[in-house]
Amino acid sequence: MIRLQDIADMAGVSRTTVSNVINGNTKRVSQETIDKITRILKEQNYVPHMGSVMLSGHGSRIIGVVLGFATAHGMQSLQDSFVGELIGTIQTAVQKTASAELRDFPRKFFNTAFITVINLFFTLITNSFAAYAITRNRKKSKFFSVMYYYFISAMFIPFQVIMLPLVVQANAFHLDNIYGITFLYVIFGLPMNTFLYTGAIKAIPEALDEAAMIDGANPIQIFSRVIFPVLKPTTATVAILSFMWTWNDFSMPLVLLSDESQQTLQLAQYVFKSQFSVDYNLAFASYLLVLAPVLIVYIFCQKWIMNGVVAGAVK
């Protein structure tokens, strides 16, 4: 009879992990590992024996007693029936694991909403002001012209190219959490947002700046009280695009957020698909929950997207 340790060696996991799967304690075991152990149990026709009393829980003791009795008395039909029930219990445990992941939806929803809202707040303030400073000073200083092309050049670099060095630097500066990833979203959104804002600011006459300056306004007051209110269409476009990008992003949270309590909704979709099975019922329910907020925002705000994109296209 195959031993528990043999199954652990085949699956490449510890004996404790195999014991937890058999006993239904799958809270800390990935679905891929559960599927692998379940497949091996089926292939090897594994039958727990009296030694299983060493496993945790009264359930393992009952399994050992029943199957030990059946083996001693040659009751093969009882063994087969009991093994079938055991496999069914393991499959039920897998479904409970996916259900538990879905029940953790509120936490992941909060994490995603927190990252998105904080990113929007700082993106609209910092990126718009940076674009204003660059646009108004490009003709006066070569430095600002270089900065403009430097930011725009980042649009041509795919995230996959800088993914590995980003992970190394994020770990070094302790940015591998929801606060650090929020800061990174602000930085990574700067190239596209600068491109949109500069086009809109060019269409605003500099006479407005000069009039406000004559009235005694400093550059910050000129931007906040004169320029920024005029940029409402572009600001709406940047806000919508940034919201959709941050909410739907999968790559950056995947490589940076290793703590399960800080993971986003997109990473939660992993639990419903494994190498050997897909739980379509829970998967599509989860997909709908993730899609709904973005769909609602786009439906009600789509009219501002085109207005903001064409703002500044014609002088």
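## Largest pocket

On a 1 Å grid over the protein atoms alone, a pocket is an open set of points where a 1.4 Å probe fits, with protein on both sides within 12 Å along at least five of seven lines. Grid points are joined across faces, edges and corners, and a volume is the space filled by probe spheres set on the points. In this predicted model, local features need pLDDT of at least 70 and side-chain atom pairs count only at pLDDT 80 or more, while totals for chains, interfaces and linings use all residues. Residues are numbered from 1 along each chain as its sequence is written, and side-chain values use heavy atoms, with hydrogens and water left out.

The largest pocket has a volume of about 880 Å³. Its lining (residues with an atom within 4 Å of a point) comprises 30 residues, and those nearest the pocket centre are Ala154, Ile187, Phe188, Gly189 and Pro191. By class the lining has 23 nonpolar, six polar and one charged residues, where Ala, Val, Leu, Ile, Met, Phe, Trp, Tyr, Cys and Pro count as nonpolar, Asp, Glu, Lys and Arg as charged, and the others, Gly among them, as polar. Several helices supply at least two lining residues each, including α7 (142-153), α9 (178-188) and α13 (232-248), and α8 gives the most, with five.

## Overall fold

The chain has 16 helices and zero strands, assigned as DSSP runs numbered from the N terminus (helices H or I, at least four residues; strands E, at least two). Of the 315 residues in the chain, 40% are buried, that is, under 20% relative accessible area with a 1.4 Å probe and protein chains only. Among contacts (heavy atoms within 4.5 Å) between residues at least 6 apart in sequence, 72% join residues at least 24 apart.

## Nonpolar cores

A nonpolar core is a set of buried Ala, Val, Leu, Ile, Met, Phe, Trp, Tyr and Cys residues joined through side-chain atoms within 4.5 Å. The largest has 14 residues, of which Tyr132, Tyr197, Ile201, Ile222, Ile227, Leu231 and Val238 touch the most other members. The elements giving two or more residues to this core are α6 (105-137), α10 and α12 (219-230), with α10 giving the most, four residues. Apart from this core lies another, of twelve residues, among them Leu166, Ile178, Met252 and Leu256.

## Thr33

Thr33 lies in helix α3 (residues 31-44) and is buried, with a relative accessible area of 19%. Not counting residues up to four places away in sequence, Thr33 touches Val13 and Thr17.

Methods
Buried means under 20% relative accessible area, exposed over 50%, partly exposed in between (1.4 Å probe, protein chains only).
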